[in-house]
Amino acid sequence: IEERFALFDFDGSLAADAKELWSLIAPEEELVARAFWVQFDRVRALDPSTAGEEYNELLQQILSYMALKFGDIAGQKWVDVAHDYVSKAAEAGFTLTALISATSAAASVGQEILVRTLGGDHDRLARLAKALNQATLLEIDVFAAHHDSLRSRADRQRRSARGVEFNNEMMNVVDRTANDSKALRGQAAHASQGVRHGAPQHIGNAG
């Protein structure tokens with residue numbers, strides 16, 4: 001995260017601004033988390049009113065993740081959790097686009113909270129809105145990087161599997177060729193013996 005964070009922390013204020021941002025969003029954090037999961041689970045039409053325990057568990061996961069991310073956005077811990085989210089989403093068949101869409105939905109609600117809370121303080125609103133934008137783009141970049149690594153790993157595994165399959169096929173061909181060659185040698189030896197045993201003993205003795 002260190003090198004990646006430096007690219008998004010334009011003026012060295014992102015870590016402090018993210019903490020300040022979270023202090024304003026935290027009282028309404030569930031709205032942000034709910035927006036994330038509702039958007040993310042539109043693919044399988046998860047209804048928060050009927051999902052019960054599963055939805056509550058997902059909600060608590062994202063709440064913990066957001067607190068970790070905004071509380072120490074320059075740290076590695078939230079990045080590791082983000083990697084886990086990407087891996088699980090990929091295993092479940094969700095696209096990276098779905099994950100980014102959910103992140104965007106959560107950021108939109110966060111923006112609404114900022115506007116509602118700081119509507120009269122334009123300078124502070126602009127500064128923290130910029131921090132929210134930087135944090136969101138950094139998060140998306142982390143998602144995309146891990147998604148690329150998963151895809152590269154899957155490609156390597158497929159190539160490796162194809163290589164093993166090819167080697168197995170070649171060994172089968174070699175084995176069949178060796179067996180065929182052995183059979184042909186046996187047939188040739190048998191034919192040669194037949195020729196020797198059946199050939200005339202005195203050729204050219206006429207009259």
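Good morning. Keep in mind that this is a predicted model. I'll start with the overall fold.

The protein has 8 helices and 0 strands. Along the sequence the pattern reads α-α-α-α-α-α-α-α. There are 207 residues, and 32% of them count as buried. As for the surface, the protein exposes about 12,800 Å². Carbon and sulfur atoms supply 54% of that area.

Next, helix H5. H5 covers residues 53–71, which is 19 residues. From first C-alpha to last, H5 reaches 27 Å, close to the 27 Å expected at 1.5 Å a residue. Which residues of H5 are buried? They are Tyr55, Leu58, Leu59, Ile62, Leu63, Tyr65, Met66, Lys69 and Phe70. Here is a general point about spacing. An α-helix has 3.6 residues a turn, so residues three or four places apart point the same way. Keep that in mind as you read down the buried list.

Ala67 also belongs to H5.

Now helix H7. H7 runs over residues 96–118. Does the span of H7 agree with its length, or disagree? At 1.5 Å a residue, the 23 residues of H7 should span 33 Å, and the end C-alpha atoms are 32 Å apart, so the two agree. The buried residues of H7 include Leu96, Ala98, Leu99, Ala102, Thr103, Ala106 and Ala107. Further along, Val109, Gly110, Ile113, Leu114 and Leu118 are also buried.

Let me pick one residue there. Thr103 sits in H7. Its relative accessible area is 3%, under the 20% cut-off, so Thr103 is buried. What is Thr103 in contact with, leaving aside its neighbours within four places in sequence? The partners are Phe36, Thr136, Glu139, Ile140 and Phe143.

On to helix H8, residues 122–198. Ala126 lies in H8. With a relative accessible area of 47%, Ala126 is partly exposed. Ala126 and Leu114 are 12 residues apart in sequence. C-alpha to C-alpha, Ala126 and Leu114 are 9.5 Å apart in space. Leu114, remember, is one of the buried residues of H7.

Now the empty space. Rolling a probe the size of a water molecule over the atoms shows where empty space is left. I'll take the pocket, then the cavities.

The largest pocket holds about 250 Å³ of space. It is lined by 14 residues, and the closest to its centre are Trp37, Phe40, Leu58, Lys88 and Ala89. Which helices each supply at least two residues of this lining? They are H3 (29–40), H5 and H6 (77–91). By class, the pocket lining has 9 nonpolar, 1 polar and 4 charged residues. Leu58 is also on the buried list of H5.

How many cavities of 30 Å³ or more does a search of the whole structure find? It finds 2.

The largest cavity has about 140 Å³ of space. There are 16 lining residues. Nearest the centre lie Val32, Met66, Lys69, Phe70 and Ala106. H2 (14–25), H3, H5, H7 and H8 each supply at least two lining residues. H5 gives the most, with 5 residues. By class, this lining has 11 nonpolar, 3 polar and 2 charged residues. Note that Met66, Lys69 and Phe70 are buried residues of H5. Ala106 is a buried residue of H7.

The second largest cavity has a volume of about 40 Å³. Its lining is Val86, Ala89, Ala90, Phe94, Thr95, Leu96, Leu99 and His147. The classes are 6 nonpolar, 2 polar and no charged residues. Ala89 lines this second cavity, and Ala89 is also among the residues closest to the centre of the largest pocket.

That's the tour. Thank you.

How values were computed
Residues are numbered from 1 along each chain as its sequence is written. This is a predicted model: local features need pLDDT of at least 70, side-chain atom pairs count only at pLDDT 80 or more; totals for chains, interfaces and linings use all residues. Side-chain values use heavy atoms; hydrogens and water are left out. Helices (H or I, at least four residues) and strands (E, at least two) are DSSP runs, numbered from the N terminus. The expected span of a helix is 1.5 Å times one less than its number of residues. Buried means under 20% relative accessible area, exposed over 50%, partly exposed in between (1.4 Å probe, protein chains only). On a 1 Å grid over the protein atoms alone, a cavity is a set of points where a 1.4 Å probe fits but cannot get out, and a pocket is an open set with protein on both sides within 12 Å along at least five of seven lines; lining residues have an atom within 4 Å of a point. Grid points are joined across faces, edges and corners, and a volume is the space filled by probe spheres set on the points. Ala, Val, Leu, Ile, Met, Phe, Trp, Tyr, Cys and Pro count as nonpolar, Asp, Glu, Lys and Arg as charged, and the others, Gly among them, as polar. Accessible areas come from the Shrake-Rupley method with a 1.4 Å probe; for residues, only the protein chains shown count as cover. Contact means heavy atoms within 4.5 Å.
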